[in-house]
Amino acid sequence: MATPSRAPVRAQLVRRQRTLIGVEVLARETGLHPDLVLRLVRLGLVEPAGANGTAPLFDGTAVSRLARALRLRRDLGLNYAGAVLAGELLARIDDLEARLRRYEPPPPARGERRDPPSQRRHAEVITWTRTV
């Protein structure tokens with residue numbers, strides 16, 4: 001019995017273009033006034049990924065960063081500068097957690113015993129002396 005021959009499969013990698021959006025689209029997506037979006041840009045919450053003549057352009061992550069800052073402002077009562085700082089810290093934590101997940105040790109092999117992390121770490125005792 002003859003097996004049918006298959007045509008070779010070709011895979012082609014396609015580089016995805018980043019979609020850049022303008023201030024007006026960013027403002028509409030977040031429900032903010034365009035002037036407020038520009039103010040948050042000046043505070044450093046989002047940075048332009050490019051420019052179209054004189055208008056800055058942003059990538060898609062700018063929408064989520066602005067939405068996070070608005071939630072921090074609404075839920076915690078932070079001012080815009082505090083929301084920017086908290087947003088940067090939360091982004092840094094997300095980055096560090098992602099890096100930590102990449103470097104987690106593999107699970108123990110069958111029958112292998114591992115000490116819990118609390119027993120592996122050496123605790124450093126810090127004593128404070130009041131000087132006043």
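Me: How are H1 and H3 placed relative to each other?
Reply: In this predicted model, helix H1 (residues 23–30) packs with H3 at about 45°, their axes 10 Å apart. Helices here are DSSP runs of H or I with at least four residues, strands are E runs of at least two, and both are numbered from the N terminus; axes are lines fitted to C-alpha atoms, for helices over the stretch in contact, with angles from 0 to 180 degrees between N-to-C directions. Under 35 degrees counts as roughly parallel, over 145 as roughly antiparallel, 65 to 115 as roughly perpendicular and the rest as oblique. H1 and H3 are therefore oblique.

Me: What ground rules apply to the numbers?
Reply: Residues are numbered from 1 along each chain as its sequence is written, and side-chain values use heavy atoms, leaving out hydrogens and water. Totals for chains, interfaces and linings use all residues, but side-chain atom pairs count only at pLDDT 80 or more, and local features in this predicted model need pLDDT of at least 70.

Me: Which residues of H2 meet H4?
Reply: The axes of H2 (residues 34–43) and H4 (residues 80–102) come within 10 Å and cross at roughly 60°. That makes H2 oblique to H4. On the H4 side of the contact (heavy atoms within 4.5 Å) are Tyr80, Ala81 and Val84. Facing them from H2 are Leu36, Arg39, Leu40 and Leu43.

Me: How many salt bridges are there, and which residue does arginine 68 pair with?
Reply: A salt bridge is a side-chain nitrogen of Lys or Arg within 4 Å of a carboxyl oxygen of Asp or Glu, and the whole structure has 3. In one of them, the N to O distance is 3.1 Å. Arginine 68 is in H3 (residues 61–76) and its partner in H4, so the bridge links parts 26 residues apart in sequence. That partner is aspartate 94.

Me: Which strands stand at the edges of the sheet?
Reply: The open sheet has 3 strands in the order S1-S3-S2, with antiparallel pairing; two strands pair if DSSP finds at least two bridges between them. S1 and S3 (residues 55–58) pair over 2 bridges. Each edge strand has a single partner, so one side of it lacks a neighbour in the sheet. Those edge strands are S1 (21–22) and S2 (50–52).

Me: Which residue in S3 stands opposite isoleucine 21?
Reply: S1 and S3 run in the antiparallel sense. Across from isoleucine 21 is phenylalanine 58.
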